[in-house]
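Subject: Structure for your review

Dear colleague,

Please find the sequence and the structure below. My notes on packing follow them.

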Amino acid sequence: MENKNLTGFNMIKLRQLEIDDKTKLAELADNIKIWQNLRDYFPHPYKISDAEFFINLTKDEDPKQNFGIEYQGELCGVIGIILQKDVYRKSAEIGYWLGEQFWGKGIVSKAVGLIVTYGFKDLQLERIYSAVFENNIASMKVLEKNGFQKEGIFKKAVFKEGKLMDEHRYYLLKEK
């Protein structure tokens, strides 16, 4: 899909990341509070070279799977939909993060709604899920606002910062 922008309410849209975003992306992502709720392959500290690497990875995606979240014309985070393979090919996992100064504005809730619509409509998925660390209550609420249901809790499934945590798994099925 070529340079598709997904637009929502309150001047929120999902758009392709551009190399010009590298400085802003690094500035937003270089925050331990963000890193604490993401998988370890997300670097910390997050440098401009990390932003360049990630942006370049997203350039040739077909179909598009990673988007910048824009709020009032400003890049404020990233959201992605990870397509599954083989017998899971009708499912995808979503993940997202938002710069701390944009927290509490309902931005991620709208962005999740946009990526879900894209997944079900454009990518023809039947199931979308997300995994959330036990201490990330705000992310759980975002998913619940978008109709996701808690599927289960994977006890002590996450090892982050030297401690074991539960992973809360949420899912949403395509409406028939």
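Phenylalanine 148 touches Ile94, Val112, Val116, Ile128, Tyr129, Leu143, Tyr170, Tyr171 and Leu172, leaving out residues up to four places away in sequence; contact here means heavy atoms within 4.5 Å. The model is predicted, so local features need pLDDT of at least 70 and side-chain atom pairs count only at pLDDT 80 or more, while totals for chains, interfaces and linings use all residues. Residues are numbered from 1 along each chain as its sequence is written, and side-chain values use heavy atoms, with hydrogens and water left out.

Nonpolar core

Phe148 also belongs to the largest nonpolar core, which has 47 residues. Such a core is a set of buried Ala, Val, Leu, Ile, Met, Phe, Trp, Tyr and Cys residues joined through side-chain atoms within 4.5 Å. Buried means under 20% relative accessible area, exposed over 50%, and partly exposed in between (1.4 Å probe, protein chains only). The residues with the most contacts inside this core are Ile69, Ile79, Ile81, Ile94, Trp97, Val112 and Phe148. Helix H4 (residues 107–122) gives the most to the core, with nine residues. Helices (H or I, at least four residues) and strands (E, at least two) are DSSP runs, numbered from the N terminus.

Aromatic pairs and charges over rings

The whole structure holds four aromatic pairs. Rings of Phe, Tyr and Trp (its six-membered ring) pair if their centres lie within 6.5 Å; planes under 30 degrees apart count as stacked, over 60 as edge-to-face and the rest as tilted. One of the pairs joins phenylalanine 42 and tyrosine 46, which are tilted at 35 degrees between the planes and 5.1 Å centre to centre. Phenylalanine 42 and tryptophan 97 make an edge-to-face pair, because their planes stand at 70 degrees, with the centres 5.7 Å apart. Phenylalanine 42 lies in the loop between helix H2 (32–35) and helix H3 (48–59) and tryptophan 97 in strand S5 (residues 91–98), so this pair ties together parts that are 55 residues apart in sequence. Phenylalanine 42 is buried at 10% relative accessibility, tyrosine 46 is buried at 6%, and tryptophan 97 is buried at 9%.

Two charged side chains sit over rings, on the criterion that NZ of Lys or CZ of Arg is within 6 Å of the ring centre and within 35 degrees of the ring normal. Lysine 160 lies over the face of tryptophan 35, at 3.6 Å from the ring centre, and arginine 169 over that of phenylalanine 154, at 4.7 Å.

Helices H1 and H3

The axes of helix H1 (residues 22–29) and H3 come within 8 Å and cross at roughly 115 degrees. Axes are lines fitted to C-alpha atoms, for helices over the stretch in contact, and angles run from 0 to 180 degrees between N-to-C directions. At this crossing, Lys22, Thr23, Leu25 and Ala26 in H1 meet Ile48, Ala51, Glu52, Phe54 and Ile55 in H3. Serine 49 lies in H3 and is partly exposed, with a relative accessible area of 44%.

Aspartate 21 lies in the loop between strand S2 (12–15) and H1, and is buried at 10% relative accessible area. Beyond its neighbours within four places in sequence, aspartate 21 is in contact with Arg15, Gln16, Ile55 and Leu75.

Kind regards
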